[in-house]
Amino acid sequence: MIQPCDIDALPRVATAACASPADFDAIVRAERPVVIKGLLEAWPALAAGRQGPAALNAYLKAMDAGAPAPVMEAPAATGGRFGYGADLREFAFSKRQAGIGETLDRIERLLGEPDAPFVAIQMLPLASHMPEFVRRNPSPLLPPQVMPRLWVGGAVRTQTHNDRDHNLAGVIAGRRRFVLFPPTQVANLYVGPLDNPPPLSLVDPEAPDLARFPRYRDAYAAAEVAWLEPGDALFVPKYWWHHVTSLAPYNAMVNWWWGDTGAGLERANDVFLTALLAFKDLPPGERAYWKAMFEAYVFAGDGEATAHIPDGLKGALGPMSPSFRANLARQLKMAFLKGGA
């Protein structure tokens, strides 16, 4: 039974004025989505976008360095939904590499055509493919080593997913709507296979099948919505789930990803996969023990479980200096190597 959810009735994501880097640092530390109005107002790319698809396409093509772009395409029957195919093994869209200029021309030609496929350039690394764009349109908030990516296409809808990085996304043409869910809603979003990244929710927020996905009611109750006009940007903290809808026939966005700094034993996603390997098939009693250990020593954060231990004896349960972390990582690497031998 498919029942509609009124996305317009969702609480709006908080809005901030155009922020300084110091203000933005405080926003990032708060770990909540925030819309920053008019962040890209000074960009020449925004001025070109306001003149229409032909003007922005010409602006972009003039800076094309010639490398092929990542292009996604979905047939008209999908309604522009970039999600899974019927069996969850494949996606309902194709991926290929194609020239930037020819793809922009095709996107423009398809505007207004009946039964046209949905074509988009996505995740284009601007530093390598349009370095002049980066020089002319610098990030107002992030350091230059955080490189931007470009998204251009039709009225596509990207299924609910999350990122391992923080995300700052700014609109330069068209309009976008983000429906956001806190990271804790993962069990209520009916996420697909983790080994077919990015894992996507199976639920369509615009027409959720609540008979098939009843827990989605709880996810919807925790959701927020952000509407972005040209020049606006949205900060999405890492791990927040988001469903993205491009609302105009032609849309363009630039985003920056940063913050996934872990590596090896300190990369959270790799540790999660290791935890699945170590704990998932244990007997219930052992799983309960490790759940309690993680709750007490990893996630509680208040130090209550170790308050009775002198600071000098807490070891890995206390604050970790860089040298202690490095030594612990060496021990664990040796343990893994020994186990593999």
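Visitor: How many salt bridges does the structure hold?
Guide: The structure holds 15 salt bridges, each a side-chain nitrogen of Lys or Arg within 4 Å of a carboxyl oxygen of Asp or Glu. This is a predicted model, in which local features need pLDDT of at least 70, side-chain atom pairs count only at pLDDT 80 or more, and totals for chains, interfaces and linings use all residues. Residues are numbered from 1 along each chain as its sequence is written, and side-chain values use heavy atoms, leaving out hydrogens and water.

Visitor: Which residue forms a salt bridge with Glu224?
Guide: Arg32 does, with the closest N and O atoms 2.4 Å apart. Glu224 lies in strand β11 (residues 224–228) and Arg32 in the loop between α1 (21–30) and β2 (34–36), so the pair ties together parts 192 residues apart in sequence. Helices (H or I, at least four residues) and strands (E, at least two) are DSSP runs, numbered from the N terminus.

Visitor: On helices now, at what angle do the axes of α3 and α4 cross?
Guide: The axes of α3 (residues 53–61) and α4 (residues 100–109) cross at roughly 175° and come within 10 Å. Axes are lines fitted to C-alpha atoms, for helices over the stretch in contact (heavy atoms within 4.5 Å), and angles run from 0 to 180 degrees between N-to-C directions. The two helices are therefore roughly antiparallel, a term for angles over 145 degrees.

Technical notes: Parallel < 35°, antiparallel > 145°, perpendicular 65-115°, else oblique.
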